[in-house]
Structure formats: C-alpha cells, structure tokens
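Today I am looking up how some strands pair up, then a helix, then a pocket.

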Amino acid sequence: MIRPLALLATLLITAAPAGAAAPADTAILPPDAAVARVLRAQPAIQAAVSQIRAEEATRRRLEAGPYEWALRLGGQQRLTRLPATPEERFTEWNAALERPLRLPGKAAADAETGAAGVALAEIAHQDMRHETSRVLLAGWFTWLRARAGAEQWAAQVALLERQAAAVSRRQQLGDAARIETVQAEAALAQARAQGGQARSRAQVAAEDLRRRFPGLPVDAPARVPEPAPVLGSEDDWIARQLAHNHELGVARNETRRQHALASRAGHERSPDPSVGVQVARERGGEDRLVGAFVSIPLPGAARAASADAALAQADAAHRREAAVLQRVTAEAAALYRNAVAAVDAWRSLHDAALRLDSAATMTARAYQLGEGSLNDVLLTRRQAHEATLAATTAQLDALELGYRLQLDAHALWDLDEE
C-alpha cells in the first residue's frame, strides 16, 4: 500500500531524534546564496517553471470545458409548381444557436484532472531543482578531489626535488653512487609527469563547473572539515529522504492525474447532449418558425474501450508508483550505509597515512646517517604519498556522501524555493 507507507514515513520523521537533522558544516561548499542564484538561472529549471504555467493554462481550459456556442445559418430558394397556378419562387432562411452540455460529474472530473496536472508540474519543478543540486554537488567534489590530488602531487614533487638535490650533492662529495642520482632523478621525473596530469584534471573539473553553472564562484575552500559521524538511525534517514523525495512525489501525482483521467473517461461513456434554438422564414415570410431541439449521440464500443484503457493506465501508474517507492527506499538505505562506512574508511586510511609518513621520515633520516639505501627512501616516500592521497580522497568522499545525505533530506540548501 502506498498511502500508508507515506503516513509511516511522516510518523518516523516526527519521531526522529533532533541530532539526525543537525545542520551540515558547509565551510567546504559554495555559498548558499550563490547556489540559489545559479540554480534559478539553470535552463532546465526555468523550463520546469514554464511547464507550471502551461499546466495552469490547461487547468483553466479544462475547467471552462471543450464546448462553445455555435451559430448555424442557412438559406434556400423554394420553387412551387401547382396545376393551373403560376410558378412561384420564395427566398427562405433559417438560423440556429446550439451548444453541447457537459453532463453532471464531467466538469468536476475535468477540474480534478487540471489540478492534478498543475500539482505534477510543481513537483516536477522541485525534482528538477533537486536533481540539478545533486549534479552541482557531485561536480563540486569532483573538482575538490582533482584539486587535492594536484596539491598532493605538488608537495611530492617538492619533496623529491629536495631529495634529488641532496643525492646529487652526496655524489659530488663521493658519498653516493651515480645510480642513486639516476634513481632520484627518475622518481622526480615521474612525479612531475603525474603532477602535470593532476593539474590538468583539476583545471578541467573547474572549467566544467564554470560552464555547467555560470556564475558559480569556483574558489578554494578556506578549510576542509573532518567528516562527521552520521547521527540518527537508518530508519530515521530513510523516512526523511522518502518524505522529501521528489521522484516519488512525481509518481504519486502522476497516479492522481491518471485516476482523474480514468474518472473522466468513465463519465464519457454517457455522451453529452447538444441543445439549441432555431428560427426560420419560409415562403417569403408567409411562414415563420421558432423551435428548440436536442441532439443526443448514441454511444458505441469506442467509448467503452477508451474508459477501459484509462482504467488500465491508472492501474499502471499506481504500480509504477509502487516500483519507484521500492527503488528510492533501497537507494536511501544504500546512501545511508555508504555515508556511515565512508567515515570509518577515512579514519582507517588517515591513520595509515600518518604511520607511513612517519616511516618515510625515519627511513630518510636513516639514509642521511648512512644506513639503508635510496631505494628504501623512495619506496617509503611513494607509499606515504599514495596513502596520503588515498586518505584525502576518502575524506572528500565521506564529506560528499554526508552532504548528499543532508541534501536528500532537505537539510542542505533551500531546495523548495519558489
């Protein structure tokens, strides 16, 4: 059942602990005002606003009904021939004013169909705003990850430059073999190549953001916060996401609209009559006629088939709604679990990076004292660099998932702004 599940989601939201909706630390994100301005300017969102206006016009049309007054005019010449009587010619004319009438129930069904269309367009606008916000968030973190990688490679290049200079100096003093200089220079060249690629990826990601979201300030954040633990239970977060899931809202409003259309098609089994009045002038004005008429179409099999098809479409929409609910519930649960696991993964990788960095420092010091080999130094430095890069990526991944969780629960940015 769909409606009881929606009620359950509302009850879970009411019962959720306050900590589950704690405001997110947005220090790493673009300013809220800039995000709102950029979203309003998005063509897809503006198109959704235009669609609302179109549906409002459609509602007015449906409420007014499809029927209008029709004026029918006719003229004719009458020729009379009787035995032993001169031939007579008369100019005659007739006029009629007629209009079909909607039977009781059809106007209400049309009004409900129009209202459902407007509601569907409004929730589709909110859904487009939400989806565009998701794209912005994903693009922002793609840039942050690329930028962090470029910075880490720059730091690695600087470290290897000092290492290569020290080895070259030792060789000049006769304290290091030529092979060690070659090894240090090769490691430096590889790091410079990787650093160049990382800078290129960061530039591409930044340019992609600027072109997709013109006016968005693509500025480096002042600080990168540590990922915070996800507060609240899985059921709490699923309920919050379902309560604000626009895709589910679109499916529900589509079901409502299809039911309204099915109701209208059911009423259409009985045809609408047409009523009218008419006047006529015959025999050159000798005869004048005034009358009224009713025209009633006789229903056929096509009307019944249309009603059956509308009922089937309503049932299909109801089942699509159930499928959407099933899918978005699974996606909400997966997002919550991924967000929780990402924080734990970052902690482990951060600890490993600290330990490997310490090991690299000790190995380099031992080499300076004449113990160990340059290979050991380069190896431990590479391992420390890779671990730091992985920890930084994991930190940004955890932050992105946390913000995405907040975004889908409408605790980040103003997604329902009109």
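**Entry 1: the sheet.** I began with Glu98, whose bridge partner in β3 is Gly276. I then followed Gly276 on into β4, where its bridge partner is Phe293. Before going further I noted that this is a predicted model, where local features need pLDDT of at least 70, side-chain atom pairs count only at pLDDT 80 or more, and totals for chains, interfaces and linings use all residues. Residues are numbered from 1 along each chain as its sequence is written, and side-chain values use heavy atoms, with hydrogens and water left out.

My terms: strands (E, at least two residues) and helices (H or I, at least four) are DSSP runs numbered from the N terminus, and two strands pair if DSSP finds at least two bridges between them.

I looked up the β2 (residues 88-100) and β3 pair: they run antiparallel, joined by 8 bridges. For β3 (residues 274-282) and β4 I found 9 bridges, antiparallel again. One of the partners there is Ser295 in β4, which goes with Ser274. β3 and β4 form a hairpin with 4 residues between them, and Arg283 in the turn has a positive phi of about 55°.

What is the order of the strands in the open sheet? It is β1-β2-β3-β4, 4 strands with antiparallel pairing. β1 (70-80) and β4 (287-295) stand at the edges with a single partner strand each, so one side of each has no neighbour in the sheet. Neighbouring strands are turned by 15° against each other on average, direction ignored (axes are lines fitted to C-alpha atoms, and angles run from 0 to 180 degrees between N-to-C directions).

**Entry 2: a helix.** I checked the length of α7 (residues 246-267): its 22 residues should span 32 Å at 1.5 Å a residue, and its end C-alpha atoms are 31 Å apart, which agrees. (The expected span is 1.5 Å times one less than the number of residues.) At the start of α7, a side-chain oxygen of Asn245 comes within 3.1 Å of the backbone nitrogen of Glu247.

Entry 3: I looked up the second largest pocket, which has a volume of about 220 Å³. (A pocket is an open set of points on a 1 Å grid where a 1.4 Å probe fits, with protein on both sides within 12 Å along at least five of seven lines; lining residues have an atom within 4 Å of a point. The volume is the space filled by probe spheres set on the points.) It has 14 lining residues, and among those closest to its centre are Gln156 and Arg382. α5 gives the most to this lining, with 6 residues.

Notes. Polar contact = N/O pair within 3.5 Å; in protein donor to acceptor, adjacent residues only side chain to side chain.
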